[in-house]
Amino acid sequence: MIRFFKNYTQNPIPYTLLMLLFLPCSLLSYVPLDLLSLGAGAANIGRGNTYIGGEITNIYYNPGGLAFMFNSDILYQHTELDFGTTYDYFTLGTTIKPLSLTTAFSFMKIGTGDIPITEAGEDTLSGTNFLEIIYRPTASYRASCYTLSLSRRVNDFGIGINGKFIDMLLYQYSGTGISTDIGGYYQNKIFFAGLAFRDILNTGIRWSGGIDEELLPVGSALIGFMLLRGEGWFEKGVIVSVRVDKVISRDIDPIYYAGVEWSVAGILPLRFGIEDKNIAFGMGFNSEHLYFDYAYSTKEEIKGNHNISIGWKW
């Protein structure tokens, strides 16, 4: 450790870049391509990053759930994080009803700029070891993922597959990779369940600097219930769901999610969720075509963040 800090003081740029590279890659590798596990759609985030079949955001959580879409849907989400970091998510999907097929495309990006890069110069006073700080041009970090999805429904079951292209940039280094998700989903009038494997087949991230970063496959299981469905205030009932994610073939603790949603009169959804030690809550507005959602969520690594998404169904 002493040798590391001595070398860092003498030539900090490569060590700074190494730490910047290690941090995002380790976050991405823990739950690959979740991009800080922010989630897709403020509705999902508000109920603790759980999902239900038929939502366009299933392309993010479980492609098998996309098979329960009955129309076309487009959604955009924006999240503001600390230090000028932004997270954007866009997805578009449509159902080919005669074939019971659903196709979808999504794009997600997290990025930050103006990361300060400094270098140690000479002693400001000879013999004092107080080094001059030389400021270099700032660096930036960006991670993007492009996803194409295909799913099919058979009665109460849906199965789907995603193909993903990952594009990353850190300072002057770039990295790319290809990955695959598969998922299955079951839903009736009361009960729903899903099983998905994210990044089950992948090439990892190959960096231009000669470093290969592993993408760890993740298994994800979900169960939920649609309760108290009736008329008036409980037109769509109350949704209660639990999800667990586990990195495959690694001794890493699983992540637990739980969420509840009550859509008041089918128009005003109210949501609350838990993700391990973190909490989230939110609300939305649904009309025949337009829907709007807001969620506030907390993370151990970062301060609480505001999530906004807007969508259109037709």
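**Figure 1. Overview of the predicted model.** The protein averages a pLDDT of 83, and 82% of the residues score at least 70; pLDDT is the predictor's confidence in each residue, from 0 to 100. This is a predicted model, in which local features need pLDDT of at least 70, side-chain atom pairs count only at pLDDT 80 or more, and totals for chains, interfaces and linings use all residues. Residues are numbered from 1 along each chain as its sequence is written, and side-chain values use heavy atoms, with hydrogens and water left out. Four helices and 16 strands make up the secondary structure. Helices (H or I, at least four residues) and strands (E, at least two) are DSSP runs, numbered from the N terminus. Of the 314 residues, 46% count as buried. Buried means under 20% relative accessible area, exposed over 50%, and partly exposed in between (1.4 Å probe, protein chains only). The protein exposes about 15,900 Å², with carbon and sulfur atoms supplying 66% of it. These areas come from the Shrake-Rupley method with a 1.4 Å probe; for residues, only the protein chains shown count as cover.

Figure 2. Over residues 1-36, pLDDT stays under 50. The model has 67 contacts beyond four places in sequence for this segment; contact means heavy atoms within 4.5 Å. Take the contacts in the protein between residues at least 6 apart in sequence: 52% of them join residues at least 24 apart.

Figure 3. Strand β11 (residues 238-247) pairs with strand β12 (residues 255-264) in the antiparallel sense, over eight bridges. Two strands pair if DSSP finds at least two bridges between them. Valine 240 stands opposite valine 260 in β12. On to strand β13 (residues 268-275): β12 pairs with β13 in the antiparallel sense, over eight bridges. Here alanine 258 faces isoleucine 274 in β13. β12 and β13 form a hairpin with three residues between them. In the turn, alanine 265 has a positive phi of about 55°.

**Figure 4. Aromatic pairs across the chain.** A search of the whole structure finds 13 aromatic pairs. Rings of Phe, Tyr and Trp (its six-membered ring) pair if their centres lie within 6.5 Å; planes under 30 degrees apart count as stacked, over 60 as edge-to-face and the rest as tilted. Phenylalanine 157 and tyrosine 186 form a tilted pair, 4.9 Å centre to centre with 50° between the planes. This pair links distant parts of the chain: phenylalanine 157 is in strand β5 (residues 157-170) and tyrosine 186 in strand β6 (residues 173-187), 29 residues apart. Phenylalanine 157 is exposed, at a relative accessible area of 52%, whereas tyrosine 186 is partly exposed at 23%. Phenylalanine 234 and tryptophan 262 form a stacked pair, 5.1 Å centre to centre with 20° between the planes. This pair also links distant parts of the chain, 28 residues apart: phenylalanine 234 sits in the loop between β10 (218-227) and β11, tryptophan 262 in strand β12. Phenylalanine 234 is partly exposed, with a relative accessible area of 29%. Tryptophan 262 is partly exposed at 28%.

**Figure 5. An aromatic cluster and charges over rings.** Tyr51, Tyr60, Tyr61, Phe68, Tyr89, Tyr185 and Phe192 form one aromatic cluster. Elsewhere, arginine 243 lies over the face of tyrosine 257, at 4.0 Å from the ring centre. Lysine 313 lies over the face of tyrosine 291, at 5.4 Å from the ring centre. A charge sits over a ring if NZ of Lys or CZ of Arg is within 6 Å of the ring centre and within 35 degrees of the ring normal.

Figure 6. Threonine 57 lies in the loop between α3 (42-46) and α4 (58-61). Threonine 57 counts as buried because its relative accessible area is 3%. Not counting residues up to four places away in sequence, threonine 57 touches Ala40, Gly41, Asn44, Leu75 and Tyr89. Isoleucine 200 belongs to strand β7 (residues 191-202). Isoleucine 200 is partly exposed, at a relative accessible area of 31%. Beyond residues up to four places away in sequence, isoleucine 200 touches Thr180, Ile182, Pro217 and Ile248. Isoleucine 200 and valine 218 are 18 residues apart in sequence and 7.2 Å apart in space, C-alpha to C-alpha.

**Figure 7. Positive phi in two loops.** Asparagine 155 has a phi near 55°, a positive value in a residue other than glycine. Asparagine 155 lies in the loop between β4 (131-154) and β5, and is exposed at 65% relative accessibility. Aspartate 276 also has a positive phi, near 55°. Aspartate 276 lies in the loop between β13 and β14 (278-286), and is partly exposed at 40% relative accessibility.
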